[in-house]
Each structure stands twice: as C-alpha cells, then as structure tokens.
Amino acid sequence: PHPAYLAGAGTLLALSLALTLLGRSRSPGYFGVRWPRGATYFFALPVAILAALAGGAWAPLHLVIGVDPVRELGWGFWTSVAIGVVGIELLFRGVVHGLMVTTHPIMLWSGRRFISVPTAVSAMLYAAAVGLCFLPPLWLGESAWVAGAGVAAALVMGFTLGVVRERSASVWAAALVHLTSAAAACAVLALVFG
C-alpha cells in the first residue's frame, strides 16, 4: 500500500552499495565489508533495543498520518524498513565511518574501549539525517517532542552501532544489531498497542 517507502529504501540501499563498492576498491577493509569477528558485539543489543523503544521505532511512524502502523502497513512497509536499515548502516557505519578510519584511531575488536572520532561523527550525522525526516511542521507543532525523541534515540543508536562496528570490525554486525533491535521494538509495540 505504500510503494514510496519501498522505493525510498531501495534507493538508499543502492546509493549506499555504490558508495561502498567505490570506496572499497580504493581502501579495502576500511568500510567494514567483512564477516564480523566474534559475537561479543551482541553486548550492545539491550542498549539498541532501548534506543529503538525510546523513539527510534515509534517516532518515525508518526510520519504516517492517520495509519495504525502495527495493524495496517503490512509486509511492504516492514520490508522497506529492513532494506532501509541495511542501507543506513552501509552509509553511516560503512562509508562515513570508513572514510575517517585512515586518519583517526578506532577501537580494535580486541583492544581498549573508547568512543572514536569516526563513531562520534557518524552517530551525529545519522541523528541529523533522522532530524531531517521530521521536517516542519512536526518540529514546530505540538508533536515537537516526537521529533526530539526520534533524534535523541538516533544519536544513542548511532553511538551504539558505531561501537558494534568497531568491536566486530564489520558493518554487517551493526546492521544485524540494528535490524534485531528494530524487530524487537516493533514486537513490543505490537504487544502494547496491538
């Protein structure tokens, strides 16, 4: 019922894949397109689920005016969400993060823990992109708190997924945690509001 969502998610994924492949040919490994190392990155899953529940899962659904997202949107919408998440991770935790790893130190999968510049920058750009999705009038009206919750949740999610990407040395681990947290949050929302 909403082909625009699927088209938008597909376009985001295609753009992210193209940028990833172009950058990967110049700097193999920097964009994190490799199998994850270990499985310790799942330590971040509770934080990611809380970020999704705090605004990442339900705030964007306010953009769908007059529709009960849990009951009425169907598989086309949820498929576009999954495709969009993979595109988002390739773009922010793959390309943006990968462009900075040659000039800034990052966490290694077995090294000390800290918040790196690539993680901070990609998280802030991700939160800004989410904020752009809540264009006025949402920022100006009575639902401004929805936009604020969505941006704050995106910032927390961005930092969390940046850490996951660095600790696993893979953008696919960040995509998996993002998808899992989105699915868990949507399941909780379906139980609460369904």
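Accessible areas were computed by the Shrake-Rupley method with a 1.4 Å probe, and for residues only the protein chains shown count as cover. The model is predicted, so local features require pLDDT of at least 70 and side-chain atom pairs pLDDT 80 or more, while totals for chains, interfaces and linings use all residues. Side-chain values use heavy atoms, with hydrogens and water left out, and residues are numbered from 1 along each chain as its sequence is written.

The accessible surface of the chain amounts to about 9800 Å², and carbon and sulfur atoms contribute 74% of this area. The chain contains seven helices and zero strands, where helices (H or I, at least four residues) and strands (E, at least two) are DSSP runs numbered from the N terminus. The order along the sequence is α-α-α-α-α-α-α. Of the 194 residues, 42% are buried (under 20% relative accessible area; exposed, over 50%; partly exposed, in between; 1.4 Å probe, protein chains only). Among contacts (heavy atoms within 4.5 Å) with a separation of 6 or more, 78% link residues 24 or more positions apart.

His178 is located in helix α7 (residues 171-193). This residue is classed as buried because its relative accessible area is 7%. Outside the four neighbouring places in sequence, the contacts of His178 are Val85, Ile88, Glu89, Tyr126, Met157 and Leu161.

Leu22 belongs to helix α1 (residues 3-26) and counts as exposed because its relative accessibility is 58%. Together with Leu15 and Leu19, Leu22 makes a nonpolar surface patch of about 270 Å².

How values were computed
Patches are made of residues with over 30% relative accessible area and no salt bridge: like charges are joined within 9 Å, nonpolar side chains (Val, Leu, Ile, Met, Phe, Trp, Tyr) within 5 Å. A salt bridge is a side-chain nitrogen of Lys or Arg within 4 Å of a carboxyl oxygen of Asp or Glu. Lists of a residue's contacts leave out its neighbours within four places in sequence.
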